[in-house]
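Subject: Structure handover and notes

Hello,

My notes on it are below.

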Amino acid sequence: MDTLSSHMKTARVCFAAGFTVLASLAFFASRSDAKPESVSQILPGVWFREGDLKNLGHCNNTIIEMKDYLIVVDANFPSGARAAMADAKRVSSKPVKYVFDTHHHGDHAYGNAVWTQNGATTLAYKGVAEEMKRYEPKRWLEASRERKDVGDMKRPTAEPPKQTFDKSPFVLEDAGGRRVEFHYLGWAHTRGDGFVFLPKESVLCTGDAVVNGPYNYMADGNAGNWPNVVRAAKKFKPKYVLPGHGEPGGGEVLDGEERFMTAIHSAVKAEIGKGKKLTDLIEMKDNKPVSAKLTLPGNVKHWVGDFFPAQVQSVYEEIKQGKPSGEIGGGK
Ligand SMILES: [Zn+2]
């Protein structure tokens, strides 16, 4: 998409201008454009796999090397799981022991059974399993009809994570000296949002609570609380931010996500305050939002794209009904 790539270029120049740390600058300078379905090393023992969202619906994955095993962040769709598994084998001979679902969405969790069949334990914050109870098997059955890789699993529903935690953070550490923390910071994108933080390496994997580009799906979310979650994530002061969708970056990805969520919420709220109706803000066709009449400030345009009309609708309904968008669609 032309406009998207020009946004990304602009954003990249801005990122670079703000940097004083040469190492960070070198990290960005070494990256050209998006590299879907390829793996790059972020640091020794930490790899980022960029999923092809546009053509395959895949999310990004992070591969973390421990002394005797690997941790993979996100299960992906089944086809993405197989691709990430093959890439993990390419970068390390160690087995994948844990796969962390950052949330319950199909592009992050429907590959769970592929991993467990290959000996891994799927892991998540308990909210992920609870979200699956709310939304499945409906979404799994829909995806089974729409996607061959999901249909070919021949399962009646999504496989929930095998192991869950409710006290944040859950920590994995081993004799290799690497510490991996799994955090729940509140409800942003879903009620199960998990973050992965490597304190020594200053790496933060964000799932879809923070994305680098116009990929915020808000229907299961909590728009009003979303900036609070991003602010909690900013307290880690990560040098490397590895999002669920979009390219890897640094702290500016968190800043941008917070700015976007704050901007869309305050813009919609202001319009509601002026007595505007939903149809004054977006155009609907066949009961679906197709275009937006509302515009946001230029400093968030990297996060504004095809989802924007639906995002405006989610925020509008959330404010109007006085409860999170995810509760409107998914119940308590
Ligand atoms: Zn998602």
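The notes that follow cover conventions, sheets, helix packing, domains and backbone details.

Conventions

Residues are numbered from 1 along each chain as its sequence is written. The model is predicted, and local features need pLDDT of at least 70, side-chain atom pairs count only at pLDDT 80 or more, and totals for chains, interfaces and linings use all residues. Helices (H or I, at least four residues) and strands (E, at least two) are DSSP runs, numbered from the N terminus. Two strands are taken as paired if DSSP finds at least two bridges between them. Axes are lines fitted to C-alpha atoms, for helices over the stretch in contact, and angles run from 0 to 180 degrees between N-to-C directions. Residues are in contact if their C-beta atoms, placed from the backbone, lie within 7 Å.

Strand 2 (residues 46–50) and strand 3 (residues 61–65) run antiparallel and are joined by four bridges. Phe48 stands opposite Thr62 in strand 3.

Strand 10 (residues 194–198) runs antiparallel to strand 11 (residues 203–207), and three bridges join the two. Phe197 has Leu204 in strand 11 as its bridge partner.

Helix packing

Two packed helices are described by the angle between their axes and the distance between the axes. For the orientation words, angles under 35 degrees count as roughly parallel, over 145 as roughly antiparallel, 65 to 115 as roughly perpendicular and the rest as oblique. A crossing is left-handed if the near helix is turned anticlockwise from the far one by less than a right angle, and right-handed if clockwise. For residue classes, Ala, Val, Leu, Ile, Met, Phe, Trp, Tyr, Cys and Pro count as nonpolar, Asp, Glu, Lys and Arg as charged, and the others, Gly among them, as polar.

Helix 10 (residues 226–234) and helix 11 (residues 251–273) have axes that come within 9 Å and cross at roughly 165°. The two helices are therefore roughly antiparallel to each other. The crossing of helix 10 past helix 11 is left-handed. On the helix 10 side, Trp226, Pro227, Val230, Arg231, Ala233 and Lys234 meet Leu254, Glu257, Glu258, Met261 and Thr262 of helix 11. By class, this contact has six nonpolar, one polar and four charged residues.

Helix 11 also packs with helix 13 (residues 308–321), at an angle of about 60° and with the axes 9 Å apart. That makes helix 11 oblique to helix 13. Helix 11 passes helix 13 in a right-handed crossing. Ile264, His265, Val268, Lys269 and Ile272 of helix 11 make the contact with Gln311, Val312, Val315, Tyr316, Ile319 and Lys320 of helix 13. The residues of this contact divide into seven nonpolar, two polar and two charged.

Domains

The domain assignment gives domain 1 (2–250) and domain 2 (264–330), with bounds that come from an automatic or database domain assignment. In the contact between them, 20 residues of domain 1 touch 17 residues of domain 2. On the domain 1 side, the elements that give two or more residues are helix 1 (2–18) and helix 7. Helix 1 gives the most, with four residues. By class, the domain 1 side has 10 nonpolar, seven polar and three charged residues.

Backbone details

The peptide bond from Glu136 to Pro137 is cis, with omega near 10°. Pro137 is in the loop between helix 7 and helix 8 (138–146). Ser168 and Pro169 are also joined by a cis peptide bond, with omega about 0°. Pro169 is in the loop between strand 7 and strand 8 (170–173). Asp74 is not a glycine but has a positive phi of about 80°. Asp74 is in the loop between strand 4 (70–73) and helix 4 (78–91).

Regards

Notes:
Contact = placed C-beta atoms within 7 Å.
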